[in-house]
Amino acid sequence: LYKNGELLQAVVFGKQHFGKNGDYELYRMATKLNTQVLGGFSKLMKHSPYNTVISYVALRMFDAKGYFASNWHIEHIANPSFCLTDGFNAFSRHLFKKSECLKKFNNVTEDMTEREMQVKNGFYRLWDSGTYKVRWTRK
């Protein structure tokens, strides 16, 4: 969205990251720093080249009110999940599966649980608040 030639708000779409049904996904929406565009998201969606779009809302950071105001609907609610942290950095939990821990660390054994291996090496679970999968369909 532009006002007097100045870009105020934009969205980026692409092929869905997860799933194989050919949906398009809203990857990102950005608004100019310190700017609020009332109704901007709805206007951008009206000009979407797609008839249906999905997106994911991280409930740890967002409440999804903007989606709901723009006629998006919850399709799925994912339970809280976690990443791992060493207290300074966050890492994908997939990097510390039991099989990966057995390869990475010399101080773990097969009879230990994945979590025991992680904790023994200074990695702790950092939980999120779950995720909404939301869908917009052109009316």
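Predicted model: local features only at pLDDT ≥ 70, side-chain atom pairs only at ≥ 80, totals over all residues.
Trainee: What is the mean pLDDT of the chain, and which elements have the lowest and the highest mean?

Mentor: The chain has a mean pLDDT of 94, with 99% of its residues reaching 70 or more. Among its elements, helix 2 (residues 65-69) has the lowest mean, 91, and helix 4 (residues 114-120) the highest, 97.

Trainee: Why is Cys101 called buried?

Mentor: Buried means under 20% relative accessible area. Cys101 has a relative accessible area of 0%, and is therefore buried.

Trainee: Why are strand 3 (9-15) and strand 6 (72-78) said to stand at the edges?

Mentor: The open sheet has five strands in the order 3-4-5-10-6, with mixed pairing. Strand 3 and strand 6 each have a single partner strand, so one side of each is left without a neighbour in the sheet. From one strand to the next, the twist averages 30°.

Trainee: What makes strand 3 and strand 4 (residues 24-31) a pair?

Mentor: Pairing requires at least two bridges. Seven bridges join strand 3 to strand 4, and therefore the two strands pair. They run antiparallel, and the bridge partner of Phe13 in strand 4 is Leu26.

How values were computed: Residues numbered from 1 in each chain as written. Heavy atoms only, no water. Helix = DSSP H or I, 4+ residues; strand = E, 2+ residues; numbered from the N terminus. Axes fitted to C-alpha atoms, helices over the stretch in contact; angles between N-to-C directions. Buried < 20%, exposed > 50% of the residue type's maximum accessible area, 1.4 Å probe, protein only. pLDDT = per-residue confidence, 0-100.
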